[in-house]
Amino acid sequence: MKTAIIKYNAGNIRSVLFALDRLGVQGTVTDDPEEIRAADKVIFPGVGEASTAMQYLQQRGLDKVITSLQQPVLGICLGLQLMCKHSEENDTPCLGIFDVEVKRFQSPVANLLKIPQIGWNNIAGLHSTIFEKVPENSYMYFVHSYYAALAPETVAIANYVVNYSAALQKDNFYAVQFHPEKSAEAGQKLLESFLKL
């Protein structure tokens, strides 16, 4: 099985490679369109800022490659946000796979809930094959200042300031706001299920 990890200068790829390695899968980090199209599974991870990341994707034609993929694709963290329609982060038009707005957390009590959200939070309302082996209310590891609003494509919900989409799915596109590669056994189970799609 060929697993491509999309390279677009948005950090965090090493931890994804380690997580795949623990599952006995070798990932290939690439920004080559043909290599991405030829993969059996594609992972679109990311940590960073939306507009810079989108510019990198557009300059290399990767925006069109990603939206045209037919095999299972998993977006992680910034990857999820870039798969949405638009991000409030620097007013960035994104890939539009999910018809969802990405908004900045607005903490009503400045010192009570810190922005960004950093740490463990539970996810609920799980309904996707990638959550097949993940128990309801499992804890996952999050690091983010922006969130995807709830939508028909929402397949898991988390709460921090507001209820928001912890995961989205449409057709062959799956995306999670948390970091499965840093989320212990529950995250590993999710990656296992994705790799078996």
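Tyr-8 is buried at 2% relative accessibility, where buried means under 20% relative accessible area, exposed over 50% and partly exposed in between, with a 1.4 Å probe and protein chains only. The model is a predicted one, in which local features need pLDDT of at least 70 and side-chain atom pairs count only at pLDDT 80 or more, while totals for chains, interfaces and linings use all residues. Residues are numbered from 1 along each chain as its sequence is written, and side-chain values use heavy atoms, with hydrogens and water left out.

A pair of aromatic rings is described by the distance of the centres and the angle of the planes. Rings of Phe, Tyr and Trp (its six-membered ring) pair if their centres lie within 6.5 Å; planes under 30 degrees apart count as stacked, over 60 as edge-to-face and the rest as tilted. By this rule there are nine aromatic pairs. In one of them, Tyr-8 and Phe-44 lie 5.0 Å centre to centre with 35° between the planes, a tilted pair. Tyr-8 is in the loop between strand S1 (3-6) and helix H1 (13-22), and Phe-44 is in strand S3 (residues 41-44), so the pair links parts of the chain 36 residues apart. Helices (H or I, at least four residues) and strands (E, at least two) are DSSP runs, numbered from the N terminus. Phe-44 is buried too, with a relative accessible area of 0%.

Phe-142 and Tyr-164 have ring centres 6.3 Å apart and planes at 85°, so this pair is edge-to-face. Phe-142 belongs to strand S9 and Tyr-164 to strand S12 (residues 162-170), 22 residues apart. Both Phe-142 and Tyr-164 are buried. They are also members of a cluster, linked by ring pairs, with Phe-105, Tyr-147, Tyr-160 and Phe-178.

Another ring contact involves a charge: the charged end of Arg-60 sits over the ring of Tyr-56, 3.5 Å from its centre. The criterion is NZ of Lys or CZ of Arg within 6 Å of the ring centre and within 35 degrees of the ring normal.

Next come the cysteines. A disulfide is a pair of cysteine sulfur atoms within 2.5 Å, and the structure holds zero of them. The cysteine sulfur nearest to that of Cys-84 belongs to Cys-94, 7.2 Å away, which is too far for a bond. Cys-84 is buried at 0% relative accessible area, and Cys-94 is buried at 14%.

Most residues other than glycine have a negative phi, and most peptide bonds are trans. Here a cis peptide bond joins Ile-115 and Pro-116, with omega about 5°. Pro-116 is in the loop between strand S7 (101-104) and strand S8 (117-122). Asn-137 has a positive phi, near 65°; this residue is in the loop between S8 and strand S9 (139-144) and is partly exposed at 41% relative accessibility. Ala-184 also has a positive phi, near 55°; Ala-184 is found in helix H6 (residues 184-195) and is exposed at 54% relative accessibility.

As for the whole chain, there are six helices and 13 strands. Of its 197 residues, 54% count as buried. Among contacts (heavy atoms within 4.5 Å) between residues at least 6 apart in sequence, 68% join residues at least 24 apart.
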